[in-house]
Amino acid sequence: MPKIKQPARSPHIDMTPMVDLFSLLLTFFMLTTSFRPQEAAPIETPSSVSEKQAPDNDIMTIYIAKDGKVFFNIDNGRDTSTHFREKLLQKMAEQYKLTFTPKELDKFSKMAGFGMPIKNLKAWINATEPKVRDKFQEGIPMDSIDNQLAWWVRMARLTNLSAEVAIKGDAETDYTKVKKIMDLLQDNKVNKFNLVTNLQKDEASVKDIPK
Amino acid sequence: MGEIIVEEKGKKGGKRHAKKHSTRIDMTPMVDLMCLLITFFMLTTAFSKPKVMVITMPEKTDDPADKNRPEIPKNRTLNILLTEGHKVYYYIGIADPKKPKEMPQLVKTNFSKDGIRKFLLIKNKDLFTKIAEYRDKRITGKTVVADTTADNAIKKMKKEDQKGPIVLIKADEKAKYKDMVDIIDEMAICNIASYAVVDPSPTELEMLKTAPK
């Protein structure tokens, strides 16, 4: 049999299945992850060695920006039957003698953190442009005559008894402002706080102890 | 990868009538990009959960002179004062305004490794060594216990400790939030058994005014 001479060809790997897999994986990740909800103010948290993770639900977050503005957020609960945000807004509406339409309640339950006097809340929910919406975010009032933050916290605890409290403060915020909020929480019988920090590993060893 | 080959009809072996046009799109860059995008999404979802530092404060009592509060031995009390400029001042003992002659001196330090951490490690040497040795035994595999068991064991060691410092953390109005978080972090790093965040007394605020800058 004559030797079959094959011309030297560079090996061609058909990569079609690999591209298929990649596009599948990419679509999976794009659909399963959700964007972080737009935060009202940029907050750079201080660092700490703590590796404990914040719980996903049953948690209310109090944001404190560098200038002391306070924002509030609470999740809807573990499943779709609890509707914590709607119930909270209804309770606050009763307290402050305001009314919200069912459509506004529904919109509110899908939104995230907010920070404004409650009289502006209706306008914020109904605003469609993000720029107009952002203008409202001036912080929740905490003055002694009308401590709205105290009411938000109180009503949130009544709505969801097992909610934990997280405090997300900027590193350069004055400590007195944070202390004021911690005092407010302690007045409402909250003594355990989760301070949101970013992980920065640091450890001491026995060698570090000077002789 | 995908080959688009345009074949000329009527090709006879040996004699080619026309050049064979074959357009091949090299898809390697596309695969590279997809690989990068996937890695990006895989990593960013892992980081999105924020970490928290848990602190538990004691219940607020209306009566400052709480009769039930146990007596704190003077030489174990370490008072840390936080103020502006990320400075840390500390003193040992009690600053009693009625005994001005026995007023302790404020020592200035900072948050670096040679700062407050060094001092805390010296004061807490025994407990720190004990806990560090326990952790080493777990890492090297000499002791095999569940995480919760280990946490409870460390809590027990802290509770039974009789020699470590009892730290009282006080911050004046010029301190930043980062300072408070950093000092509580140092408590965790140095395995301090008991610490509390309290308000500074007027005496201490006076001491800060005359402290070394």
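Good morning. The model is predicted, with local features requiring pLDDT of at least 70 and side-chain atom pairs pLDDT 80 or more, while totals for chains, interfaces and linings use all residues. Residues are numbered from 1 along each chain as its sequence is written, and chains are lettered from A and ligands numbered from 1 in the order in which they are written.

Helix 2 of chain A and helix 3 of chain A, the latter spanning residues 102-110, have axes 8 Å apart and pack at an angle of about 125°. Helices here are DSSP runs of H or I with at least four residues, and strands are E runs with at least two, numbered from the N terminus. Axes are lines fitted to C-alpha atoms, for helices over the stretch in contact, and angles run from 0 to 180 degrees between N-to-C directions. The two helices are therefore oblique to each other (under 35 degrees is roughly parallel, over 145 roughly antiparallel, 65 to 115 roughly perpendicular, and the rest oblique).

Which residues make the contact of helix 2 of chain A with helix 3 of chain A? Helix 2 of chain A contributes A:R85, A:E86 and A:L89, and helix 3 of chain A contributes A:L105, A:F108 and A:S109; contact means C-beta atoms, placed from the backbone, within 7 Å. By class, three of these residues are nonpolar, one is polar and two are charged (nonpolar: Ala, Val, Leu, Ile, Met, Phe, Trp, Tyr, Cys, Pro; charged: Asp, Glu, Lys, Arg; polar: the others, Gly among them).

Helix 2 of chain A, residues 84-96, also packs against helix 6 of chain A, residues 148-159: the axes come within 9 Å and cross at roughly 130°. Helix 2 of chain A and helix 6 of chain A are therefore oblique to each other, and their crossing is right-handed. On the side of helix 2 of chain A we find A:F84, A:K87, A:L88, A:K91, A:M92 and A:Q95, which meet A:W151, A:W152, A:M155, A:A156, A:L158 and A:T159 in helix 6 of chain A. This contact comprises eight nonpolar, two polar and two charged residues.

In overall terms, chain A has seven helices and six strands, arranged along the sequence as α-β-β-β-β-α-α-α-α-α-β-α-β. Its C-alpha atoms fill a box of roughly 105 × 70 × 30 Å along the principal axes.

I turn to chain B. Helix 3 of chain B, residues 125-140, and helix 4 of chain B, residues 147-160, have axes 10 Å apart and an angle of about 165°. Helix 3 and helix 4 of chain B are therefore roughly antiparallel to each other, and they pass in a right-handed crossing. In this contact, B:L127, B:K130, B:I131, B:Y134 and B:R138 of helix 3 of chain B meet B:A150, B:A153, B:I154, B:M157 and B:K158 of helix 4 of chain B. Seven residues of the contact are nonpolar, none is polar and three are charged.

Chain B also holds an open sheet of five strands, in the order 6-5-4-7-8 with mixed pairing (strands pair if DSSP finds at least two bridges between them). At its edges, strand 6 (107-109) and strand 8 (194-198) of chain B each pair on one side only. Neighbouring strands of the sheet are turned by 25° against each other on average, direction ignored. Within the sheet, strand 4 of chain B (77-82) and strand 5 of chain B (88-92) run antiparallel, joined by five bridges; B:L82 has B:V88 as its bridge partner. Helix 2 of chain B lies across strands 4, 5 and 6 of chain B, at about 25° to strand 5 of chain B.

Finally, the two chains together. How many residues of each chain are in contact with the other? There are 44 in chain B and 49 in chain A. On chain B, the contributors of at least two residues include helix 1 (28-47), strand 3 (51-56) and helix 2 (116-123). Helix 5 of chain B supplies the largest share, nine residues. The residues of this side of chain B are 26 nonpolar, five polar and 13 charged.

Strand 3 of chain B pairs with strand 6 of chain A (192-199) in the antiparallel sense over six bridges. There, A:F193 stands opposite B:I55, and A:K192 has B:T56 as its bridge partner. Strand 2 of chain A (52-53) also runs antiparallel to strand 3 of chain B, over two bridges, with A:K52 partnered by B:V52.

Technical notes. A crossing is left-handed if the near helix is turned anticlockwise from the far one by less than a right angle, and right-handed if clockwise. Two residues are in contact if their C-beta atoms, placed from the backbone, lie within 7 Å.
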